[in-house]
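My entries follow in the order I looked things up.

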Amino acid sequence: MTESANVVTGQAREWPGGILQVRIPLPFSLKWVNSYLLQDEQGYTLVDPGLHTEQALDVWKQVLGQERIAFERIHSIVLTHQHPDHFGLAGWFQQQTGAPVYMSEASYAYTRRLWGEERSFAADLTRLYRLHGMPEELQDDIRDHLESFVARVSPMPNVSFIQAGDTLQMGSSSWLAIDAPGHAFGQLCFYDGNRKHMLCGDQVLPDITPNISLVPGEEEDPLASFLRSLQELAAYEVELAFPGHREPFADYQGRIHALLAFHDRRLAYILELLKDRPQHGFALCQTLFGARIAGNAHNLRFAMSETLAHLVHLERQSKVRSREGDGVQIYEITDIA
Ligand SMILES: [Zn+2]
């Protein structure tokens, strides 16, 4: 829980275009999420405020104090996507500032399914994992872990919807909202064509590959959406990319191509493993992720859903097929694999 507490200091970093990067600590191996403050004459737009934890609030108070930014000066809150490490503090900031919170309708729907009063996501997800061979006790860990997020995204904000194709004034620039599904259905990236800046959310990250998850009630082939989205994003000329994690980076095209290549390799490797032995999704997940998922419900969920995303993608390409045995889906390669 606290492994990352001391790696993030409350120092904002200024980037070209007057963009302030604030690193907000996370209690996971990702270590921090990037929040961005964009200044205009009226005050600030806050992008992706972070997860609601005591440590995050400490960092925010320190940074806002150092930068002499009063809460009232934050007039808009914009979310790239719905994941709790980006969305979690939106409601808290709305309470402090009175600012509207903007996000896509699809992203908001996801937050209701995960953390709303009628939430059903944890039960649906563990049912899916059971079908793909995950042992019962690990399903319990995942259910408990998911439930622990409710406090970290509370209070929930009142939101206003934005959509792909909208132009948002943020800081001194106009930013085009671009649909960027795959990592999160409904995610938006924002492009400043004058400065050639891209706010990427978690779609294009330096050093790490964004998680692609099969989850119930979302896209049936999220990897296909992700790969298509990367191809679309590659059409934009970008000199500086502002990611949700790690540091802003210049080699935007290089990263997109590296991510496409990573998934090609991963799909090929899964076919090889299935050629050796037909198996269920959980067994494959253990081979692919090994020690990184042992005893860590957070990493296990990402690993399991990503393994399933690859499997359903291969199944849609008719390179693998699945059959049910003892209530569990077993995957095997087909003749065209
Ligand atoms: Zn994310």
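**Entry 1: a hairpin.** I started at strand 10 and strand 11, which form a hairpin. Four residues lie between the two strands. In the turn, Lys196 has a positive phi of about 60 degrees. I note here that the model is predicted.

I then checked how the two strands pair. Strand 11 covers residues 197-201. Strand 10 and strand 11 run antiparallel and are joined by three bridges. Within that pairing, Tyr191 has Met198 of strand 11 as its bridge partner.

**Entry 2: the other neighbour.** Next I looked at strand 9, residues 173-179. Strand 9 pairs with strand 10, residues 188-192, through four bridges. The sense is again antiparallel. I looked up two of the partners. Ala177 is bridged to Phe190 of strand 10. Ile178 stands opposite Cys189.

Entry 3: Which strands make up the open sheet, and in what order? I read the order as 8-9-10-11-12, five strands with mixed pairing. Strand 8 (167-170) and strand 12 (240-243) are the edges, and each pairs on one side only. Direction ignored, neighbouring strands are turned by 25 degrees against each other on average. As a reminder to myself, strands of a sheet pair through backbone hydrogen bonds, either parallel or antiparallel.

**Entry 4: is strand 10 buried or exposed?** I went through its residues. Five of the five are buried, so strand 10 is largely enclosed by the rest of the structure. Side chains in a regular strand alternate between the two faces of the sheet. I therefore checked each face of strand 10, and both are covered. Leu188, Phe190 and Asp192 are buried on one side. Cys189 and Tyr191 are buried on the other.

**Entry 5: cysteines.** How many disulfides does the structure hold? I found zero. A disulfide needs the two sulfur atoms within 2.5 Å. Cys189 is buried, with a relative accessible area of 1%. Cys200 also counts as buried, at 1% relative accessibility.

**Entry 6: the nonpolar core.** I turned to the largest nonpolar core, which has 86 residues. Leu37, Trp60, Ile74, Phe93, Met198, Val204 and Tyr252 touch the most other members. Met198 is also the partner of Tyr191 from my first entry. Which helix gives the most to this core? Helix 8, residues 252-276, does, with nine residues. The core draws at least three residues from each of domain 1 and domain 2.

I picked out Val204 and listed its contacts, leaving out residues up to four places away in sequence. Val204 touches Leu230, Leu233, Pro243, Phe249, Tyr252, Arg255, Ile256 and Leu259.

**Entry 7: domains.** Last, I looked at the division of the protein. Domain 1 is 12-116 + 154-261. Domain 2 is 126-146 + 267-333. Taken over C-alpha atoms, their centres are separated by 29 Å.

Key: Residues numbered from 1 in each chain as written. Predicted model: local features only at pLDDT ≥ 70, side-chain atom pairs only at ≥ 80, totals over all residues. Heavy atoms only, no water. Core = buried A, V, L, I, M, F, W, Y, C linked by side-chain atoms within 4.5 Å. Buried < 20%, exposed > 50% of the residue type's maximum accessible area, 1.4 Å probe, protein only. Domains from an automatic or database assignment. Contact = heavy atoms within 4.5 Å. Pairing = 2+ DSSP bridges. Axes fitted to C-alpha atoms, helices over the stretch in contact; angles between N-to-C directions.
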